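I'm opening my notebook on this structure today. I'll jot down what I look up, one topic at a time.

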Amino acid sequence: MAEFELSSVEKAVKGHLPKALELSRSLREHPELPDQEFESSRKMVEILKEAGFEVTYPYAGYETAFHALFDNGDGPEVAILTEYDALPEIGHGCGHNLHGSLSILTGLALKDLKDSYKGKLHVIGTPAEEENGAKIGMAAQGIFDNMSLAMMMHSWSGGKCRADMDALSLRCYLVEFYGQAAHAVAAPWEGRSALAAARKFLDLIDARRECFTPDVHVNSIVVDGGKAPNIIPDYVKLRMEFRTATMKSMGAVDEMVKKCADGAALALDCAVKFTTVFEFADMVRNMALEEEVVRQFESFGMPTTGVEAASGSSDVGNVSYRCPAIQPLLAITDEDYALHTAAFRDATALPQAEQAMEKGACILALMALKIFNDEAFRNRVYAEFQEQVEKRR
């Protein structure tokens with residue numbers, strides 16, 4: 001990137017930085033839970049409308065989602081993804097207030113830089129990342145299919161940034177067992193215990209654990225375990241999540257889980273029903289994008305370390321199956337803080353975190369400009385995207 005272009009990006013970002021910092025502070029002080037981000041999304045929409053974006057709100061069937069478009073002529077399409085939901089009790093313990101505002105800042109800067117590129121810029125508000133992930137439904141609707149790049153940064157700590165966030169695929173079920181109610185003392189023989197079937201189902205899952213591959217994780221809770229101890233439960237509901245390294249490997253675990261459920265139901269003369277709540281895909285990583293992000297981090301004096309093995313899930317993975325996508329981890333402090341904690345929430349207010357936001361927005365803007373203007377790079381990124389997706393089929 002030419003020195004002139006770099007200075008222009010830094011100037012554009014700095015011009016909108018006070019507004020982005022105010023937004024981040026406001027979100028932190030007024031956190032909203034997944035799918036309830038009415039005030040958070042409204043604030044972002046107002047900022048984007050004021051800047052001249054064409055805004056659709058609500059969007060894609062989600063009350064708190066939005067789509068802000070800046071049509072700058074024929075050319076590639078780039079999406080900046082924006083998160084803003086918080087966690088129960090601890091608020092923005094995942095840093096969405098900071099990196100959501102960073103995405104808005106990036107969009108505002110790129111709007112100012114309109115003379116530097118041709119193409120369409122999308123800033124997309126994606127609610128409920130902490131629960132059912134609006135990016136999942138958006139990806140299924142084809143919203144990202146024509147994008148040359150979709151990206152965001154995620155808040156991180158520990159002094160070193162990472163080029164991308166790897167992710168496991170995840171499937172969430174409601175598992176319902178149906179039996180026959182009866183008095184637990186007067187006539188238990190007339191009952192068929194849905195609770196006993198659910199317990200044996202979980203026992204069978206545990207019996208299979210010693211043969212799991214290292215990437216497989218199965219976790220469950222009992223949502224409804226019966227009404228009273230003196231009644232044989234005729235209905236029990238579990239919520240279950242399981243993770244695997246890729247969507248491709250998910251099928252084998254899915255089959256195993258359902259065999260365990262069917263076996264338990266059969267043994268206890270019950271019926272069982274599975275309802276899929278949502279599916280997070282694994283992350284389709286793109287080395288061309290990751291190498292460029294590392295170069296940009298280092299040019300801004302931000303140390304990097306390698307991408308760690310996946311230990312969680314993100315709905316950005318679903319986007320990565322539809323277009324080239326990347327989610328770098330932005331170190332907002334030198335000290336280590338665990339995500340989903342009050343300490344991390346408070347760290348997003350530190351001066352170092354706000355300085356990191358400014359640099360992160362510059363890097364995302366430079367990545368967008370490279371996609372818009374460098375056809376050879378854009379083609380290399382897309383070719384690798386196609387190759388990696390094909391490997392997962």
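**Entry 1: a lysine**

I started with Lys135, which sits in helix 4 (residues 134–140); helices here are DSSP runs of H or I with at least four residues, numbered from the N terminus. Before going on, I noted that this is a predicted model, where local features need pLDDT of at least 70 and side-chain atom pairs count only at pLDDT 80 or more, while totals for chains, interfaces and linings use all residues. Residues are numbered from 1 along each chain as its sequence is written, and side-chain values use heavy atoms, with hydrogens and water left out.

Is Lys135 buried or exposed? I found Lys135 buried, at 0% relative accessibility. My cut-offs: buried is under 20% relative accessible area, exposed is over 50%, and partly exposed is in between, with a 1.4 Å probe and protein chains only. Next I looked up what Lys135 touches, not counting residues up to four places away in sequence: Leu81, Glu83, Thr126, Glu129, Phe144, Met152, Asp315, Val316, Asn318 and Val319. Contact means heavy atoms within 4.5 Å.

**Entry 2: the cores**

I turned to the nonpolar cores, meaning sets of buried Ala, Val, Leu, Ile, Met, Phe, Trp, Tyr and Cys residues joined through side-chain atoms within 4.5 Å. In soluble globular proteins, nonpolar side chains tend to be buried together. The largest core here has 62 residues, and Leu48, Phe53, Ile104, Leu110, Met151 and Leu330 touch the most other members. Helix 10 (residues 351–373) gives the most to this core, with 14 residues. Apart from it I found another core, of 24 residues, including Ala197, Val218, Met250 and Ala261.

**Entry 3: two helix pairs**

How do helix 2 and helix 3 lie relative to each other? The axes of helix 2 (residues 38–50) and helix 3 (residues 96–112) come within 10 Å and cross at roughly 10 degrees. I take axes as lines fitted to C-alpha atoms, for helices over the stretch in contact, with angles from 0 to 180 degrees between N-to-C directions. So helix 2 and helix 3 are roughly parallel; angles under 35 degrees count as that, over 145 as roughly antiparallel, 65 to 115 as roughly perpendicular and the rest as oblique. Met44, Ile47 and Leu48 of helix 2 meet Gly100, Ser101, Ile104 and Leu108 of helix 3. By class, that contact has five nonpolar, two polar and no charged residues. For the classes, Ala, Val, Leu, Ile, Met, Phe, Trp, Tyr, Cys and Pro are nonpolar, Asp, Glu, Lys and Arg are charged, and the others, Gly among them, are polar.

Met287, Ala288, Leu289, Glu291 and Glu292 of helix 7 touch Phe377, Arg380, Val381 and Glu384 of helix 11. This contact has five nonpolar, no polar and four charged residues. Met287 itself is partly exposed, at 33%.

**Entry 4: cysteines**

How many disulfides are there? I counted zero disulfides, taking a disulfide as a pair of cysteine sulfur atoms within 2.5 Å. The sulfur of Cys161 is 13 Å from the closest cysteine sulfur, in Cys362, too far for a bond. Cys161 is buried at 2%, and Cys323 is buried at 0%.
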